[in-house]
Protein chains: 2
Amino acid sequence: MNEVSRCLEGVRVVDLSQFEAGPSCTEVLAWLGADVVKVETPRGGDPGRSTGAKPGQDGLWFALLNANKRSMTVNLKSEAGIDLIKRMISNANVFIENFAPGTIERLGLGYEVLRQINPKIIYAQIKGFGTGSPYESFLAFDSIGQATGGSMSITGERGAPPVRPGPTVADSGSGMLMAASIMGALYRQQATGVGARLELAMQDAVMQYLRTAFSEHGNTGRAAQRAGAKSPSVVNVPSNIYPCSPGGSSDYIYVYASRKAPDQWHRLLKAMGKADLIGDPLYETAQARVKNESLVDSLISDWTRQRDKYEAMRILGEAGVPVGALFDTMELENDESFQKRGIIQTIEHPTLGALKVLAWPVRFDGRPPAVQAAPTLGQHTEEVLRQWLNMSQSDIEKMKRDGVM
Amino acid sequence: MNEVSRCLEGVRVVDLSQFEAGPSCTEVLAWLGADVVKVETPRGGDPGRSTGAKPGQDGLWFALLNANKRSMTVNLKSEAGIDLIKRMISNANVFIENFAPGTIERLGLGYEVLRQINPKIIYAQIKGFGTGSPYESFLAFDSIGQATGGSMSITGERGAPPVRPGPTVADSGSGMLMAASIMGALYRQQATGVGARLELAMQDAVMQYLRTAFSEHGNTGRAAQRAGAKSPSVVNVPSNIYPCSPGGSSDYIYVYASRKAPDQWHRLLKAMGKADLIGDPLYETAQARVKNESLVDSLISDWTRQRDKYEAMRILGEAGVPVGALFDTMELENDESFQKRGIIQTIEHPTLGALKVLAWPVRFDGRPPAVQAAPTLGQHTEEVLRQWLNMSQSDIEKMKRDGVM
């Protein structure tokens, strides 16, 4: 790991989280230098380990969400296991979990219990629905959070059924909000020694990412609508996708010319060899372009169809037009620019071999933090017991014999 | 503001950001207690102020992204204005900007300049594309970030053109990653006095939110595909939307029964009055349900069509089935549960009057941070000069006369 990014050096995180919302949060803490100990059940561990995986292996899904962490196994159904967690808490800065509602309290690791052990602890929980919500006890996955948080209602073609936004806005989206909140609480913990109880619902988190759609209420008095490739909240022409050759399922470019910057429309016309249309009242004002949207769309797509998306993006982008080719996930993974810049890194995974993985995309003094492979199940159990609790080898062996790990 | 959330008390942020990616980031810092001073041009300020706004007013769009901040006007085209920013930097913890590429350096406020003034400064920048990318100099908006970051390629119906995810994953999504990174750097700044240069590209940020789609490459060897309301990366039946009465554009529920938890399918059957189908080989295993997806879909939609989404969600949710009604933005805003829990708060805005606004959804010791109205343009100019720079009233008057503010 490059030293520059070790911001959270010395911060200890007891991580009981699973699947994506919790692990995506603690992975940020780990990337920024915290010692994140992922506590897992000895029987299979985080159920996310098997998502998309070959039998007996961890999957890439898990590897992408659990880099830079350590793993220890603890049997949470044994009294000695729960006691072990409590001992770790007394040495920790942060505790986090995202089990189904009520589970952590049944395990005897609720907030009131852990706060007694360590009043400085930052106790973080992510659930599907908020405390006090009528749906408080309901189970949730990313799709449920996206349906109930409004993101699906504004995604899809107008007049057609909604679709699910591809990004996991409820899962990783929640993880990012909680990571920020934990670091805010850590700043205060460092300054004042005060702990915090942090709670986040996936439904509530999703709304944070679509506030611009909510802003439409003030103007229209009604819910934001689905708008295909256009924005659900801003009327601006052009602001759409246009087809490129050779016509594959992601062969499009997005072209935008801001109604607030008349220059951008002129640059677009020039770049397409249509400078003669500068000043044409059919297109000249933002209002005219809205009125004549289908003409604008034809004008642009006649040009885009004649080139591939890379060329189209290059020509328009260099001309100062906001433009973006629509890249698919494989095109992104194969774009060497990301590797050069450290946004995608190749790591050696203990069982999966060489893996291309996405790093934390924020560069610290020029480089994203270095990615370390996600741990195998229980890989660091003994190491953590020695380092965090000063346990002797004989004590560790005894715990093993007692089935604690 | 409730005291419990003032984690970043004493942290000073010089905020030159505009529109959404930057302001969504600094709003998090402000909600968590930092003193965020939004520096704006005297002529109209942040161009986001007029987005969706009536002439001469700030819009709700701006109000939602700039709560809890202070605003001061500074003429960045005057030498005295730039000098003023530099004096503020010497007293600040964080600097942030998201102008078009190259602008901040042309203004004379590049990283190397400000680092000389204050080596502890955390200098944060958000751009469309990363330093070193072939598109480094290109302009970007949210849609461009979503097109080039892959999120559009996996959103939409299979076989149909892509659509834009409704959440602003490139704008607010970048803001959240940068907010987390800034707080990580603040933790280190507090401990060691070391500053940081932080850079984030919207394209790179978007990829962070779709890592589960990238994980498909390991299994399929090809790009993740659009999958309508289903997940682009996990094959699981049922995991889809189902129509409810009365058949409006958002009258659906999402129903999920995990292939990893056979109980959830049984609970669903029981709740729909179809307990007789438990054990039926047509549906019993995860594989069978994938094979007979259209039968599963008919079975569920025959039931959902007979009730509205609220009732359907309540019945299935109480039965322990992961389920979520598809709420639109107006339904969410009108759901009083959010007001009771502080997730939506009503504030008094100086020019817009009473506003319902979305708060930071993470609860700190039971409550989200209290929202304070976004500032009017230049509302706090004199106050900040007095508090940050100990300026006298006569000095302030002189600067005003000189056109600095």
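Away from residues up to four places off in sequence, L198(A) touches I122(A), Y123(A), A124(A), M178(A), S181(A), I182(A) and A185(A), together with V362(B), R363(B) and F364(B), where two residues are in contact if their C-beta atoms, placed from the backbone, lie within 7 Å. This is a predicted model, in which local features need pLDDT of at least 70 and side-chain atom pairs count only at pLDDT 80 or more, while totals for chains, interfaces and linings use all residues. Residues are numbered from 1 along each chain as its sequence is written, and chains are lettered from A and ligands numbered from 1 in the order in which they are written.

L198(A) is one of the residues with the most contacts inside the largest nonpolar core, which has 250 residues; the others named with it are I182(A), I253(A), I182(B), L198(B) and I253(B). Such a core is a set of buried Ala, Val, Leu, Ile, Met, Phe, Trp, Tyr and Cys residues joined through C-beta atoms within 7 Å. A residue is buried if 20 or more other C-beta atoms lie within 10 Å of its own, exposed if 12 or fewer, and partly exposed in between, with C-beta atoms placed from the backbone.

Chain A contains 18 helices and 12 strands, taken as DSSP runs numbered from the N terminus (helices are H or I of at least four residues, strands E of at least two). Its C-alpha atoms fill a box of roughly 85 × 45 × 45 Å along the principal axes, and 56% of its 405 residues count as buried. Among its contacts between residues at least 6 apart in sequence, 68% join residues at least 24 apart.

Helix α1 of chain A, residues 21-31, is largely enclosed by the rest of the structure, because 11 of its 11 residues are buried. Just after α1(A), G33(A) takes a positive phi of about 110°. The axes of α1(A) and α7(A) come within 7 Å and cross at roughly 40°, the axes being lines fitted to C-alpha atoms, for helices over the stretch in contact, with angles running from 0 to 180 degrees between N-to-C directions. That makes α1(A) oblique to α7(A), since angles under 35 degrees count as roughly parallel, over 145 as roughly antiparallel, 65 to 115 as roughly perpendicular and the rest as oblique. The crossing of α1(A) past α7(A) is right-handed; a crossing is left-handed if the near helix is turned anticlockwise from the far one by less than a right angle, and right-handed if clockwise. On the α1(A) side the contact involves A21(A), G22(A), S24(A), C25(A), V28(A) and L29(A), which meet D171(A), S172(A), S174(A), G175(A), M178(A), A179(A) and I182(A) in α7(A). These residues divide into 7 nonpolar, 5 polar and 1 charged, where Ala, Val, Leu, Ile, Met, Phe, Trp, Tyr, Cys and Pro count as nonpolar, Asp, Glu, Lys and Arg as charged, and the others, Gly among them, as polar.

In chain B, α1(B) and α7(B) pack at an angle of about 40° with their axes 7 Å apart, and their crossing is right-handed.

Between the chains, the contact takes 120 residues from chain A and 119 residues from chain B. Helix α7 of chain A, residues 171-192, gives the most to the side of chain A that touches chain B, with 16 residues, and that side divides into 66 nonpolar, 35 polar and 19 charged residues. The helices α7(A) and α7(B) pack at about 15°, with their axes 8 Å apart, and are therefore roughly parallel to each other; their crossing is left-handed. Among the residues that meet here are M176(A), L177(A) and Y187(A) in α7(A) and M176(B), L177(B) and Y187(B) in α7(B). By class, the contact of α7(A) with α7(B) has 16 nonpolar, 4 polar and no charged residues.

F95(A) lies in strand β4 of chain A, residues 94-97, and counts as buried because it has 28 C-beta neighbours inside 10 Å. Setting aside neighbours within four places in sequence, F95(A) is in contact with V14(A), I89(A), L114(A), I121(A), Y123(A) and A124(A).

Some backbone details remain. Most residues other than glycine have a negative phi, and most peptide bonds are trans. The peptide bond from S245(A) to P246(A) is cis, with omega near 0°, and P246(A) lies in the loop between β7 and β8 of chain A. N68(B) has a positive phi near 65° and counts as buried, with 25 C-beta neighbours inside 10 Å.
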